[in-house]
Amino acid sequence: MAMHDQYQTGIWDGGTARAQKRRSSLSLITGLLILAVLTFAAFAYAGYRVADLWLAGNLATGQGQQDGSGIAEAAPGNPETILLIGVDQRVPGEPSRSDTIMLAVLDPQKPGVDILSIPRDTRVKIPGHGYDKINAAHAYGGPQLLMDTINDFLGSHVDKYMEVNFQDFQKIIDILGGVDIDVDKRMYYPEENINLKPGFQHLNGYDALAYVRYRYDPEGDITRVGRQQKFMKALIDQTLKLSTIPKIPKLVSEISKDVKTNLSVKEMLSLALSMKDLNGSAVNTYTIPGEGKYVGGVSYYIVDQQKLTDVLASIPNLR
């Protein structure tokens with residue numbers, strides 16, 4: 001039986017109860033898709049795994065506490081910090097620098113998410129490699145070395161990650177049907193086929209990728225980080241639209257092929273359930289403070305350590 005048919009016949013039967021179950025099921029699915037947005041669609045892998053369990057009958061067997069929808073409730077867990085990585089890997093298997101680096105701080109006790117963006121050119125000490133731009137850590141040693149570098153840099157203990165390739169991000173946006181956003185200025189760079197005009201508009205996957213990747217700003221990478229945070233909030237609101245629901249089978253099938261993560265299915269389900277009421281306004285964004293400078297003839301983003309202390313103190317659940 002196709003996934004869409006299973007939703008209709010296996011979960012949503014029966015008059016008023018059917019309507020209630022539909023709302024609860026859609027709420028869960030929306031939560032999964034919202035998590036997908038937070039990692040430029042990587043979190044939708046959770047939706048795929050949950051759907052897989054549904055089809056196997058593992059979440060609708062009546063075991064455990066129920067919320068009236070036939071789906072077992074997950075007990076709220078502790079705050080979790082997850083590294084979100086966007087890479088521009090054009091040749092499969094090649095070492096690639098991380099183009100987008102974010103820490104998502106998820107607290108099941110509150111309906112919000114804190115996102116800390118780390119500019120890709122931030123000068124840090126990479127274990128075993130000396131000082132370099134932080135995005136080089138991924139090319140040297142993948143997600144693990146990037147987590148080790150961030151933990152040394154921030155004094156954190158991050159050990160979970162999700163990674164998605166930007167080329168897959170483009171496909172996912174197209175499946176969702178694009179996203180509405182106010183493009184703040186003219187963005188033109190023919191060498192990378194970027195050609196966006198200012199104003200409120202509907203972006204398809206190709207143009208959405210151009211929007212979040214455009215980096216030719218006088219202010220440098222900080223402006224691009226701000227655009228990525230803005231786009232993330234807009235995309236979260238896009239997933240809340242009812243028009244997204246019929247696209248779920250294709251969406252989760254596509255994403256599941258390309259996401260890399262060390263989160264277990266149980267962890268992803270717990271996070272998804274705790275975030276099911278999230279919306280764009282509940283996403284709080286922060287950026288590592290600093291400024292661009294040249295060191296040894298190389299352009300870096302140099303962190304303002306005093307301001308960094310204040311930023312980290314404003315995210316109490318960062319682990």
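Helix α4, which spans residues 136-154, lies across strands β1, β2, β3 and β6 and runs at about 140° to β1. The model described here is predicted.

**The sheet**

The strands that α4 lies across belong to an open sheet of 6 strands with mixed pairing.

| Strand | Residues |
|---|---|
| β1 | 80-87 |
| β2 | 98-106 |
| β3 | 113-117 |
| β6 | 161-165 |

Strand β11 pairs with β6 in the antiparallel sense, over 2 bridges. In one of these strands, β11, residue K260 is the bridge partner of E163.

**The pair of helices α5 and α6**

Helix α5 comprises residues 166-176 and helix α6 residues 205-213; their axes come within 7 Å and cross at roughly 130°. On the side of α5, the contact is made by F166, Q167, F169, Q170, I173 and D174. On the side of α6, G205, Y206, A208, L209, V212 and R213 take part. Which classes of residue make up this contact of α5 with α6? The residues divide into 7 nonpolar, 3 polar and 2 charged.

Terms used. Residues numbered from 1 in each chain as written. Predicted model: local features only at pLDDT ≥ 70, side-chain atom pairs only at ≥ 80, totals over all residues. Heavy atoms only, no water. Pairing = 2+ DSSP bridges. Helix = DSSP H or I, 4+ residues; strand = E, 2+ residues; numbered from the N terminus. Contact = heavy atoms within 4.5 Å. Axes fitted to C-alpha atoms, helices over the stretch in contact; angles between N-to-C directions. Nonpolar A, V, L, I, M, F, W, Y, C, P; charged D, E, K, R; others polar.
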